[in-house]
Amino acid sequence: MRRIAVTVNGDPREAEVEPRELLVYFLREGLGLTGTVVGCDTSSCGSCTVLLDGESVKSCTLLAVQADGREVTTIEGLAANGQLHPVQQAFHEAHGLQCGYCTPGMVLATVSLLAQNASPSDDEIRHALEGNLCRCTGYQNIVKAVKAAAA
Ligand code: FES
Ligand code: FES
């Protein structure tokens with residue numbers, strides 16, 4: 001076991017973890033943050049997306065020990081004081097919301113995108129979200145939601 005110290009959604013957390021434990025399981029099972037979801041076995045769906053030091057990562061591709069000393073934001077950490085994060089609000093208003101598997105990852109990937117590019121084009125949005133899969137829709141409203149959040 002290894003002791004790690006991670007700031008999760010602004011709270012300092014310490015835990016003993018197996019060196020092989022994936023970050024997604026540490027978040028879900030260790031900390032009870034079940035908004036981070038496991039949607040595939042192949043690192044392809046993006047439903048496990050979190051922010052690591054502000055940048056979106058697939059938490060099924062990282063070990064919990066790799067988050068040691070770093071800052072993780074999950075979907076539970078976005079709303080503050082009862083107010084949705086502007087990206088969550090935009091997804092709500094532009095009907096970009098979909099199921100509980102794909103939406104948290106889409107929202108977090110969007111937060112990361114807009115931190116780097118405040119006014120992305122449609123192509124840049126689609127490129128930034130290409131690692132976040134939804135098999136149910138055509139992404140039109142998601143792109144609209146990202147544009148609304150940027151505005
Ligand atoms: S669960 Fe991580 S990419 Fe699918
Ligand atoms: S995978 Fe979430 S709505 Fe399609």
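**Sheet and helix packing in a predicted model**

Strand β1 (residues 2-8) runs antiparallel to β2, joined to it by seven bridges. Strands pair if DSSP finds at least two bridges between them. This is a predicted model: local features need pLDDT of at least 70, side-chain atom pairs count only at pLDDT 80 or more, and totals for chains, interfaces and linings use all residues. Residues are numbered from 1 along each chain as its sequence is written, and side-chain values use heavy atoms, without hydrogens or water. Helices (H or I, at least four residues) and strands (E, at least two) are DSSP runs, numbered from the N terminus.

**The sheet**

- Five strands form an open, mixed sheet in the order β2-β1-β5-β3-β4.
- β2 (11-17) and β4 (55-58) are the edges; each has a single partner strand, so one side of each lacks a neighbour in the sheet.
- Neighbouring strands are turned by 40 degrees against each other on average, direction ignored.
- Arg3 stands opposite Glu16 in β2.

**Helices on the sheet**

- Helix α1 (residues 23-30) packs on the sheet and touches β1, β2, β3 (49-52) and β5 (71-73). Contact means heavy atoms within 4.5 Å.
- The direction of α1 makes about 75 degrees with that of β1. Axes are lines fitted to C-alpha atoms, for helices over the stretch in contact; angles run from 0 to 180 degrees between N-to-C directions.
- Helix α3 (residues 103-116) lies across β3, β4 and β5, at about 35 degrees to β3.

**α2 against α5**

- Helix α2 (residues 86-93) packs on helix α5 (residues 140-150) at about 135 degrees, with axes 8 Å apart.
- That makes α2 oblique to α5. Under 35 degrees is roughly parallel, over 145 roughly antiparallel, 65 to 115 roughly perpendicular, and the rest oblique.
- Pro86, Val87, Ala90 and Phe91 in α2 meet Ile142, Ala145, Val146, Ala148 and Ala149 in α5.
- This contact has nine nonpolar, no polar and no charged residues. Nonpolar means Ala, Val, Leu, Ile, Met, Phe, Trp, Tyr, Cys and Pro; charged means Asp, Glu, Lys and Arg; the others, Gly among them, are polar.

**α3 against α5**

- The axes of α3 and α5 come within 11 Å and cross at roughly 40 degrees. That makes α3 oblique to α5.
- Met106, Thr110, Leu113 and Leu114 of α3 make the contact with Ile142, Val146, Ala149 and Ala150 of α5.
- By class, these residues are seven nonpolar, one polar and no charged.

**Loop residue Thr137**

- Thr137 lies in the loop between α4 (122-128) and α5.
- Thr137 and Gln98 are 39 residues apart in sequence and 8.7 Å apart in space, C-alpha to C-alpha.

Key. Chains are lettered from A and ligands numbered from 1 in the order in which they are written.
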